[in-house]
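Dear colleague,

I am passing on the structure we spoke about, and I would be glad if you could look it over before reading my notes below.

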Amino acid sequence: MSALLSDTALIFGRYARQTLASKFQILFGVLMPLLYLLFFGPLLTDLPLGSEGDSWQILVPGLLLQLGLFGASFSGFAIIIEKQFGVVERMRVTPVSRLALLLGRILRDAALFVFQAVLLVLAALVMGLRAPLGGILIGFAFVAVLTAALASLSYALALNVSKAQEFGPVINALSMPSMLLSGLMLPMALAPGWLDVLSHFMPFRYLVDAVRAGYVGDYASTAMLYGVVVAIAFVLVSVTVGTRVFRKAGA
């Protein structure tokens, strides 16, 4: 265990330093959710959204998870670039734990997107968001868990493709329906019955509903319980899949 923790810290430090050296990656990653906040949020003010809480308490949780969804899903591009430059081959001959090679990466991703989530929430507070501190912290926790899960799957996929041209279309084909069916932008209570039923097969919906419950201070709701259970199950399955792929690839 001590070796795993040491190796994970080593890999995390390596990629954290790379991230800190790229200010554009840190700041511009939050640009799309911030634009939604600035230009889409005011359109929802005073509209009957069919959900508990005001428009900001509905929109901001969705934007937080959108940040994790799109950001983490494309994390695998880094692996493809590393394979092209031989970085993966050099790591293959080291005694570093294969699990640590994955955990170090996804912890860096989680730290990055939680930091971007903090920036997004600060901007939302300036624009009128009012939410309990506990709910805001719960939102950050869900961003971290979602990032870890999706980054694991993204890295696993990237190790099984040879070119970025193969990776990008798959991610787009999966992430867009996920965004639309999970109710990130608007609650699924507004959807037709058949679409609402279909959205229940999308795990991200439960995470969105849980964060929205937290933003109105409803910590003991069924939505919160389902969100926590689905998030834990999702990250455990995803990290297990990612670890097996890393071990199989020898990277």
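What follows is a short account of the pocket, the core and one of the helices.

Please keep in mind throughout that this is a predicted model.

I began with the largest pocket, which has a volume of about 460 Å³ and is lined by 23 residues, with Gln25, Gly71, Phe74, Ser75 and Leu112 lying nearest its centre. Two or more lining residues come from each of helix H1 (2-20), helix H3 (31-39), helix H4 (55-73), helix H5 (77-84) and helix H7 (98-127), and of these H7 gives the most, with five residues. Sorted by class, the lining of this pocket holds 12 nonpolar, eight polar and three charged residues.

I then turned to the largest nonpolar core, which has 67 residues, and in which Val60, Leu64, Leu65, Val121, Phe142 and Tyr215 have the most contacts inside it. Helix H8, residues 133-158, gives the most to this core, with 12 residues. As general background, nonpolar side chains tend to be buried together in soluble globular proteins.

Finally, H1 has 19 residues and reaches 26 Å from its first C-alpha to its last, which is close to the 27 Å expected at 1.5 Å a residue. The buried residues of H1 are Asp7, Thr8, Ile11, Gly13, Tyr15, Ala16 and Thr19.

With best wishes

Technical notes. Residues numbered from 1 in each chain as written. Predicted model: local features only at pLDDT ≥ 70, side-chain atom pairs only at ≥ 80, totals over all residues. Heavy atoms only, no water. 1 Å grid on protein atoms, 1.4 Å probe; cavity = no way out; pocket = protein on both sides within 12 Å on 5 of 7 lines; lining within 4 Å. Points joined across faces, edges and corners; volume = space filled by probe spheres on them. Helix = DSSP H or I, 4+ residues; strand = E, 2+ residues; numbered from the N terminus. Nonpolar A, V, L, I, M, F, W, Y, C, P; charged D, E, K, R; others polar. Core = buried A, V, L, I, M, F, W, Y, C linked by side-chain atoms within 4.5 Å. Buried < 20%, exposed > 50% of the residue type's maximum accessible area, 1.4 Å probe, protein only. Expected span 1.5 Å × (residues − 1).
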